[in-house]
Amino acid sequence: MLDHRAFITDFDAVIARLTSRGVDGDTVTALREAATTRSQAIKKTETLRAEQNKASQDVQKLRESDPAAFGAARERLKTLKDEIKANEDAMVAAEAKLEEMMLRLPNLPDASVPVGKDEHANRLERTVGQPTKLAFVAKQHFEIAEALGIVNFEQAAKISGARFAVYRGAGARLERALISFMLDLARDHGYLEIQPPLLVRRDAMVGSGQYPKFEGESFETLDHEFTLIPTSEVPLVNLHREEILEEHDLPLRYTAYTPCFRREAGAAGRDTRGLIRQHQFNKVELVAYTKPEDSAAELERIASHAEEVLKRLELPYRVVSLCTGDLGFAATKTYDLEVWLPGQNAYREISSCSNCGDFQARRAKIRYRPDDGTGNAKPRLVHTLNGSGIAVGRTFVAILENGQREDGSVAIPRALVPYFGSDVISGV
RNA sequence: GGAGCAGUGGCCGAGUGGUUUAAGGCGUCGGUCUUGAAAACCGAAGUCGGCGAAAGUCGACCGGGGGUUCGAAUCCCUCCUGCUCCGCCA
């Protein structure tokens with residue numbers, strides 16, 4: 001969520017940056033009007049309340065000294081009470097309207113983000129490694145996996161339908177090895193490992209920015225009491241909601257392995273085969289809380305930690321900076337890591353690292369007290385960042401496609417052998 | 001699932017309708033004293049919002065929301081959270 005005051009004090013800059021990421025100008029103008037209406041309504045109600053407070057104290061003095069005057073004053077205050085009530089209703093309505101609009105408004109893009117409409121305007125930052133060259137026709141990961149018997153989609157369909165998978169034997173062990181490998185690396189990089197709840201309350205979804213705008217894209221329990229997390233960014237960002245941290249607590253760095261659950265409602269027909277797009281997938285997430293002035297450097301740091309996973313697994317990849325039009329709702333700046341998939345002859349997203357600035361912190365009320373020596377400094381909003389470190393299912397895909405051999409077996413990257421227990425998969 | 005108790009500032013804790021603009025203690029920060037420190041004493045200090053260049057000023061906030069009242073931390077309703085006992089259970 002943005003600071004609504006910026007719509008009044010800094011309108012031109014805000015409208016320019018929001019339209020660059022696809023928000024229509026009328027929406028921004030309506031926001032400015034709602035912000036103005038709100039502050040006028042507050043002003044009026046508070047003036048009346050100040051009057052009431054004063055009168056109420058005066059009335060109290062009459063209570064014993066002059067019962068007749070006391071009764072008359074009480075009658076007069078009843079009309080003031082009704083007037084306040086009417087103004088309060090208008091104030092509450094104005095605040096609710098602004099809040100509703102603000103919650104659906106995306107973050108402002110950082111100045112370093114390339115301006116553009118869609119992914120064609122994304123900026124290539126760097127390419128690491130060469131696309132894997134194979135001396136035979138590359139197979140797609142699901143062909144390799146099914147032939148080896150390590151993933152079974154038919155069984156998953158019987159149990160749960162499309163976009164689910166059953167991992168078997170070496171497949172299940174490979175998934176588990178990747179999770180351990182990634183968590184250990186994150187720990188080496190200074191992140192505290194967390195096992196969070198996978199079912200969260202609505203407030204948590206609002207805090208990290210998924211709700212209210214993306215309601216309907218997650219799975220919920222029948223009574224809507226809980227949402228299945230679409231990413232562990234949700235619980236990790238809400239760990240410190242409504243807290244005032246100390247400056248020396250920052251930065252805070254957390255990692256969590258969790259399954260993630262997504263409806264993929266807008267992706268009908270895309271990536272229907274294989275493990276690329278599942279309703280349930282595993283992910284190791286990295287989340288950081290920093291001081292505002294440190295978040296830009298922290299984004300580079302998180303991205304480098306995600307990249308380290310790919311480097312150690314000897315997977316070729318490239319890094320792109322998302323353009324304004326392609327940026328996620330809560331992000332001011334995002335690097336996507338795209339891994340090379342020989343079976344698709346393409347780079348595919350495997351990690352997304354974002355600086356959310358104070359957007360989530362404002363929603364979730366996560367602040368810190370600057371240490372100025374007095375202990376009385378005003379709290380400031382922290383900055384939050386998140387990055388996949390990295391998507392486990394897609395890493396599984398990348399290992400199969402890049403490590404495939406002509407005989408159908410798959411070479412396991414050296415760094416993973418201690419976790420997996422073998423340097424090859426040749427069967428279940 | 002049933003029955004009961006509780007939620008007050010960074011922490012502990014008093015407070016059942018009007019000098020509570022939330023007592024007191026601990027901790028924090030500043031000062032006095034001291035060679036320095038401790039102790040003691042004095043003082044400062046919550047969060048959010050409105051207006052304001054600022055100083056400041058006004059409003060709201062005692063788990064969340066709603067209600068009663070001229071006036072609510074205090075009375076009523078409801079939700080959330082924690083604890084105790086009973087039942088059931090991985």
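Axes are lines fitted to C-alpha atoms, for helices over the stretch in contact, and the angle between two of them runs from 0 to 180 degrees between N-to-C directions. The exercises below concern a predicted model.

**Exercise 1.** State how helix H7 and helix H12 pack, and which residues meet.

*Solution.* Step 1: two packed helices are described by the angle between their axes and the distance between the axes. Step 2: for H7 (residues 170-188) and H12 (residues 392-403), the angle is about 115° and the axes lie 10 Å apart. Step 3: the crossing of H7 and H12 is right-handed. Step 4: H7 contributes residues including Leu174, Leu178 and Met182, while Phe396, Ile399 and Leu400 are among those from H12. Step 5: the residues of this contact comprise eight nonpolar, three polar and one charged.

**Exercise 2.** Determine what span helix H10 should have, and compare it with the distance between its end C-alpha atoms.

*Solution.* Step 1: H10 covers residues 295-312, which is 18 residues. Step 2: at 1.5 Å a residue, H10 should therefore span 26 Å. Step 3: its end C-alpha atoms are 26 Å apart, in agreement. Step 4: just after H10, glutamate 314 has a positive phi of about 60°.

**Exercise 3.** Describe the surroundings of strand E12 and its pairing with E11 and E15.

*Solution.* Step 1: eight of the ten residues of E12 (residues 346-355) are buried, so E12 is largely enclosed by the rest of the structure. Step 2: E11 (residues 333-341) runs antiparallel to E12, joined by nine bridges; lysine 333 stands opposite asparagine 355. Step 3: E11 and E12 form a hairpin with four residues between them, and asparagine 345 in the turn has a positive phi of about 55°. Step 4: three bridges join E12 to E15 (residues 383-391), also antiparallel, with cysteine 353 partnered by glycine 387 in E15.

Technical notes:
Residues are numbered from 1 along each chain as its sequence is written. Chains are lettered from A and ligands numbered from 1 in the order in which they are written. This is a predicted model: local features need pLDDT of at least 70, side-chain atom pairs count only at pLDDT 80 or more; totals for chains, interfaces and linings use all residues. Side-chain values use heavy atoms; hydrogens and water are left out. Helices (H or I, at least four residues) and strands (E, at least two) are DSSP runs, numbered from the N terminus. The expected span of a helix is 1.5 Å times one less than its number of residues. Buried means under 20% relative accessible area, exposed over 50%, partly exposed in between (1.4 Å probe, protein chains only). Two strands pair if DSSP finds at least two bridges between them. A crossing is left-handed if the near helix is turned anticlockwise from the far one by less than a right angle, and right-handed if clockwise. Contact means heavy atoms within 4.5 Å. Ala, Val, Leu, Ile, Met, Phe, Trp, Tyr, Cys and Pro count as nonpolar, Asp, Glu, Lys and Arg as charged, and the others, Gly among them, as polar.
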